[in-house]
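The following paragraphs guide the reader through a structure, beginning with a helix contact and moving on to aromatic rings. Please keep the sequence and the model at hand while reading.

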Amino acid sequence: MLSLMLAIPAVAAVACLFLGDRAARWTALGATLVTFLLGCILWAQFDIGGAQWQFTERADLFGRFQWALGIDGLALMLIMLSTFLMPLCILASWDAIKSRVGLYMAMFLVMETIMIGVFAAQDLILFYIFFEAGLIPMYFIIGIWGGANRIYAAFKFFLYTLLGSVLMLIAMIAMIREAGTTEIPVLLNYGFPPEMQTWLWLAFFASLAVKMPMWPVHTWLPDAHVQAPTAGSMILAGVLLKMGGYGFIRFMMPMFPEASAQLMWVVFALSMVAVVYTSLVALVQNDMKKLIAYSSVAHMAIVTAGLFAFNQQGIEGAMIVMLSHGVVSAALFFCVGVIYDRLHTREIDRYGGLAINMPAYALFFMLFTMASIGLPGTSGFVGEFLSILGIYEASSWVAFVCTTGIILGAAYMLYLYRRVVFGELTKDDVKAMPDLSPREWAIMAPLAAVALWMGVYPESFLAPMRGDVTTVVARLAPAKPAGDAHLALGEGKPAEATHGSAHHGGGVQ
Amino acid sequence: MIADLALIWPEMILAVGGMVVLMLGTYLGDRQVGLYQLAALLTLAAATVAVVALFGTNEAVFSGTLAVDGFGGFAKLLIYAASAVCILVAPRFFGGAMRAEYPVLILFAALGMGIMASSRDLMTLYIGLELNSLAAYVLASFMRNDERSSEAGLKYFVLGALASGMLLYGISLLYGFSGTTEFAGVARAMGGELNPGLIFGIVFVLAGLAFKISAVPFHMWTPDVYEGAPTPVTAFFASAPKVAAMALMTRVAIDAMGPAIGAWQQIIIFLALASIILGAVGAIGQKNIKRLLAYSSINNVGFILIGLAAGTQQGVEAVLTYLLVYLVTTVGAFLVVLQLRDADGNQVESIPALAGLSQRRPGLAAALAVFLLSLAGIPPLFGFWPKYLVFEAAVNADLVPLAVAGIVASVIGAFYYIAVIKTMYFDEKSEVEVTGGGNAVEGTIVAASALWLSVIGYLFIPMLGVASAHAASVLF
């Protein structure tokens, strides 16, 4: 089943190279839809509460390592996210891409294969191959179909992320040497010596923090996002960033629990800086894509902080933030793409008053803005609430700083929305912009539906992941440092004695 | 003695075949190039069959001066394959200037390289090396009327002679301080107290060999010779002699100097890191694709040396696997270069002229992109696998800092590879109308090697593992 999901886009990619523009578009759309359908079957057949690894496949093709695939709930949800976004990305570039369509579609289909492969790989080397392979199609997508400064952005993206990943490879070799196996499920339960864990953790961190991206190694992201074509930004923000988060929860935390506990403060510190700093940077952006890119960094910082809270709420919340951000940021990038296609500028000041001539667009944009801010009822709220809850349990100060980030998030998103959509409709070229076309409706509607679904009934998304999160939490439990929230939990004491200290006042804001 | 002859069939076939083609050329003149080409290819094919038949044997012949073993066999297979390709593609390149000597020289060079890869004695080593080098000097200046070609030949000759001198000096020191030229005897002397004489011997021998594999700091000739030599010859230089010299260096290091690993390991580590870094940095400013590939070969030799620096069987296996993959990639890349011609049929070597190649010749551009990304070692291309193996060998030999330094430096290398891809894919079409294109043979070789390097190669890992393990085991 998983091999089939990998094969369909791969075969379609080769086919697209040889097809004409029109045929390539339809082939790509067909292949991604079929893959999405297979993804839905995967989800339907996933046995919640069953074995940890399901749909496992093994073939001893490579001698030194295996073609081993299999998914747990975490991987399932991320595969669903990838397969869901992919047909929308193809649709989003239906008219926008006019040159070398076959190559473009092939690159996206290869990208899909790689993304599914990253989340489904059960062999360390296989995982690395998929993880690194993602650089190549993205390099082409940014470099060929990107904006004016695309070459700089493509190089920066490629070299930055490559430099991060190579250290992870050395760490993987050391792990394979120590444990004598390349199988991820075995490595997950292997106890690496604590001093070795620290080094391995740092090497993995170097790679995943760049991918994530965490402050201060996030600088490739705004460049890549701004220059990439709309669909490229959608997939970059929607799925590629999630590879970093997936790496944290799949490798770093369960494989190196002691080191994770030891170096938790590093993650917290970087996350806190990122939340505040990148939110402030986002506030002053004049380029819409750059603004959303910085907001991505801020959201990812909440993910890392939530993950390193080491408790059920924090990790579940982080996962939901990842899924929600995948949908919402992809949608926001598409919103930018819609008006970019009409006016060919991303400058915020060039727009204004879109609510008047593009009401449907304004409505969707509003929904996604709210989801990004984390308004109750949208997907963003569930994730942010859960992660902040988890973080609060671990450290109220971190929770306090992360919460300010959310407030700032509301500020920059609403400020963006006000400048683009509200106000007077004065500019003639803006007045001439038509509202959403049926194709754009077809992209907006599913994204909006999922954002609301995740906000109203997150249990459908949480249920498959719960067991796996529990496993990770259990694995971390021996190493877990005591959170400051627990210090105050007394038994039978008066309420004001427990919660009255100024120390905790911050977290409740 | 007579019994020994039965074990050196490949060498005999090549020697006789080479002389037959030479005679044919003398009597029939240069018009029958097709015939010589065919005869040379048949000779190589026969020699290949002989090597395969002897793959399992492990014996020393002629009083222990020459080894017939899997290690030599593995290297010879690569050498013969590369030689055959370089003979196949030559006629179209040279056109009317094709001469009978070309296949003859390649055959003799292949013979010399086979001897290099199998030598167990310092004298055999030197004979093999010189036989190869002399043929190579002539090949480099094969286009006598071309200034660059003649310059390349002269430069190669002068610097090569210098390197041979150093090597010979090292050999004489080793002989003087160990009393024998046999590898096993030298190894025995190394096993005892290391005196300065032996250490100097090690240094000079390694320096001489480093010249042949063009490792930094003995790499200066490489870009000039690669640029000046006719492209099929460059493809030859970048592939077969590298394999032979690397195999020779491995055998000398492990077999003859094995006990003194402490003495040579640091030298190899220095050569490796210097080659990786300089090969990467030097390539950045290059505007000529052949010079760029020259630096790329320097860079890749650095990675191969990491495997040797490990000094373990795993390291040698990695070296052999790397050589195979490197050979396929390099030959493929040069065949692509060979096909780049402008509207008048002149060779296009300038990188800026490749701008927009992906739109003019999509297949060719894709193949070159595969080769370059494979040389950079980016998965999922197969060039990743040998890099993984050398780093694994280094980590398992407790050389983690070396592995880390090497892999970080590989990112610098990635820069210029992706810069060429940028030119081909991102830039607007250049002024130069790149047309040309090769014949079916070249196209097939390019397509097959590109496909093999894309992902299909991974399916060959078990086979490669068995073969390289068998080959490497004879040294330990």
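This is a predicted model: local features need pLDDT of at least 70, side-chain atom pairs count only at pLDDT 80 or more; totals for chains, interfaces and linings use all residues.

Helix H9 spans residues 196-212 and helix H12 residues 261-284 of chain B; their axes come within 11 Å and cross at roughly 30°. Because angles under 35 degrees count as roughly parallel, H9(B) is described as roughly parallel to H12(B). The crossing of these two helices, H9(B) and H12(B), is right-handed.

Attention now turns to the aromatic residues. Over all chains, a search of the whole structure finds 62 aromatic pairs. One of them is formed by A:Phe65 and B:Tyr458, whose ring centres lie 6.5 Å apart with the planes at 85°, so the pair is edge-to-face. A:Phe65 belongs to the loop between strand E1 (54-59) and strand E2 (67-71) of chain A, while B:Tyr458 belongs to the loop between helix H19 (440-454) and helix H20 (461-473) of chain B; the pair therefore joins two chains. Both A:Phe65 and B:Tyr458 are buried.

These two residues are also members of one aromatic cluster, which includes A:Phe62 and A:Tyr128 from chain A, together with B:Phe382, B:Phe384, B:Trp385, B:Tyr388, B:Trp452 and B:Phe460 from chain B.

Rings also take part in contacts with charged groups. In chain A, A:Lys211 lies over the face of A:Phe131, at 4.5 Å from the ring centre. In chain B, the charged end of B:Lys387 sits over the ring of B:Phe303, 4.5 Å from its centre.

Terms used. Residues are numbered from 1 along each chain as its sequence is written. Chains are lettered from A and ligands numbered from 1 in the order in which they are written. Side-chain values use heavy atoms; hydrogens and water are left out. Rings of Phe, Tyr and Trp (its six-membered ring) pair if their centres lie within 6.5 Å; planes under 30 degrees apart count as stacked, over 60 as edge-to-face and the rest as tilted. Helices (H or I, at least four residues) and strands (E, at least two) are DSSP runs, numbered from the N terminus. Buried means under 20% relative accessible area, exposed over 50%, partly exposed in between (1.4 Å probe, protein chains only). A charge sits over a ring if NZ of Lys or CZ of Arg is within 6 Å of the ring centre and within 35 degrees of the ring normal. Axes are lines fitted to C-alpha atoms, for helices over the stretch in contact, and angles run from 0 to 180 degrees between N-to-C directions. Angles under 35 degrees count as roughly parallel, over 145 as roughly antiparallel, 65 to 115 as roughly perpendicular and the rest as oblique. A crossing is left-handed if the near helix is turned anticlockwise from the far one by less than a right angle, and right-handed if clockwise.
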